[in-house]
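The entries follow the order in which I looked things up.

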Protein chains: 2
Amino acid sequence: MSNQIYIGVDLGGTNIKVGLCDEQGTLLHTYEGPTSAENGAEFVIGRIAEYVKQIVEDSSYEWDQVAGIGAGLAGFMDIPEGFIKFSPNLQWRNVPAKKMLEELLGKTVKIDNDANVAALGEAWAGAGAGIPNVVCYTLGTGVGGGIIINGKIYQGSAGMAGELGHMSIVPDIEAIQCGCGQMGCLETVSSATGIVRMANEAVERGERTTLSLHEKIEAKHVFDAAKSGDEVSLRIVNRAAYYIGRSMAALAVVINPKRFIIGGGVSKAGEILFQPIRETFKKYTPETAAEGVEIVAATLGNDAGVVGAAGLNLR
Amino acid sequence: MSNQIYIGVDLGGTNIKVGLCDEQGTLLHTYEGPTSAENGAEFVIGRIAEYVKQIVEDSSYEWDQVAGIGAGLAGFMDIPEGFIKFSPNLQWRNVPAKKMLEELLGKTVKIDNDANVAALGEAWAGAGAGIPNVVCYTLGTGVGGGIIINGKIYQGSAGMAGELGHMSIVPDIEAIQCGCGQMGCLETVSSATGIVRMANEAVERGERTTLSLHEKIEAKHVFDAAKSGDEVSLRIVNRAAYYIGRSMAALAVVINPKRFIIGGGVSKAGEILFQPIRETFKKYTPETAAEGVEIVAATLGNDAGVVGAAGLNLR
């Protein structure tokens, strides 16, 4: 076989997931195992190298066909250098991950942050396939983002482009402080954490809601209650959706993408979340900038990370 | 002489300005004359062609050294095709300006909107020289914008990128409708028109302000009064600046430029405008995204248009 293959690594705090893609971004094999981050960076990087070699060995491809290896992880990094300054979930500081992996594997390795990599995966082979300019939101514990321009991750001057969760968008009068230190970040209202916070506050205020029946409220409870007609939950969901819609309206006249993609655990809520996002977007975007722009759900699910990481060397 | 030269046209409702630049973006000559838009598109386009030929004739360069011609104007257009759909200040509809000029001049012509072209001028040879990613605001009657990525105008999927005046940024509770039809656009508060509106409203409400001494309030009066300590004027200037600062804070985590450039008539107000913009930006931007980012005044003034138009073929 003469075709080239690409390998992507999704390095999480708990598991390492490795995927093997063809040149079209089709995910052919995956391999997953524990990160065991407590053993330190050198151990984990060695384990990644093993997994990468293993997945090729287990496939019908040869090592020579591997055209590039990419990895995505959460943290602050010097992306061109592949140097991890600090990864909160791995508790790594100053790890030259790219260089270490290249030495172990003898292949080019590229590293990027997980939200950018997931965006690239969706743009390459998911909900944004064939569209040059897309903006992706990942709604989970936080709100991640990635901007794809002409099929490539757009990094900005200091690698801070696409940090959509830290767009300060909530008006002062109702803003709270974000984990990043700023006031009013999108993440404070539109992440699972933000939704749960608003739910707990409503219960503490003694509002009439079925949410008070849960010992520990999760974002899913809020969406389920909203679907069953619980008004307090509906108001919380609409608020989370409203600010996503408003941030998209701003991006429509800045990035002017053809498609917005929403992934991450929270996006599984479906239409109860998407409909108010679309309504808000339409209301706050000039017609010429909203025309033909779609707001869609991500399609790769948890595979977006490995697919996008594999794509880092191709795109 | 073997050097190439570039010609830029700034097509306004009242005047046509033509400029001749060298390969570094240095403006060597300008030529200006009336648009006489009332004579129709064919006449005006013919006049532009005459001016372009004239400026080369009057210079020490030969026609053969002209490597490209660009033009900027206000209006809705198909930028790749150089087709003007509608220009409000020229009252043109469906004018294939690029094609008409190319036929008259026998050279490649590129056309773009005036805010993009001014941004390119500043990025090429003005306040953004040598910086790959910059965002420019033009504060005048409206609020224009242009985004330069890797030294080129970023157009977005439908040419709507960089329409910064139409970022909906004012909270619902205090938003008014913009000329574009949307609520809460930056242009409603941070343009000369917005500043004058807020001033008139304050006077009508009977607030104590020296602005009430003017028969017809202009933006300049508001800045002058603010500099003299008029509290109402100061509040208006701070509000205009606040929303520019907040829009920049959002752009810092989206475009993540190295430099923000502010031009246009309103920007001449100077530090009384720039200081609250910088303070607001700092307050609402995560430290890692604000670090090293500068907010500076445009340096080319009214020449930004011709310089940027000249650069359309080079960049």
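I started with a rule: two strands pair if DSSP finds at least two bridges between them. Strands (E, at least two residues) and helices (H or I, at least four) are DSSP runs, numbered from the N terminus.

Before going on I noted that this is a predicted model, where local features need pLDDT of at least 70 and side-chain atom pairs count only at pLDDT 80 or more, while totals for chains, interfaces and linings use all residues. Residues are numbered from 1 along each chain as its sequence is written, chains are lettered from A and ligands numbered from 1 in the order in which they are written, and side-chain values use heavy atoms, without hydrogens and water.

**Entry 1: the sheet in chain B**

I found an open sheet of 3 strands in chain B, in the order β5-β6-β7 with antiparallel pairing. Its edge strands are β5 (76–78) and β7 (92–95) of chain B, and each pairs on one side only. Neighbouring strands are turned by 15° against each other on average, direction ignored; the axes are lines fitted to C-alpha atoms, and angles run from 0 to 180 degrees between N-to-C directions. I counted 3 bridges between β5(B) and β6 (residues 83–87) of chain B. Phe76(B) stands opposite Phe86(B) in β6(B).

**Entry 2: the sheet in chain A**

Chain A has an open sheet of 3 strands, ordered β5-β6-β7 and antiparallel. Here β5 (76–78) and β7 (92–95) of chain A have a single partner strand each, so one side of each is left without a neighbour in the sheet. In β6(A), Phe86(A) is the residue opposite Phe76(A).

**Entry 3: where the chains meet**

How many residues does each chain give to the contact? I read 43 from chain A and 43 from chain B, with contact meaning heavy atoms within 4.5 Å. The buried area is about 3,200 Å², and carbon and sulfur atoms give 54% of it; this is the accessible area (1.4 Å probe) that two parts lose on being put together, summed over both.

Next I looked up salt bridges (a side-chain nitrogen of Lys or Arg within 4 Å of a carboxyl oxygen of Asp or Glu). The rule finds 2 across the interface of chain A and chain B. One of them joins Arg246(B) and Asp172(A), at 3.3 Å from N to O.

On the side of chain A that touches chain B, the elements giving two or more residues are β10 (143–149), α7 (231–252), α8 (271–284) and α9 (287–290). The largest share, 5 residues, comes from α7(A).
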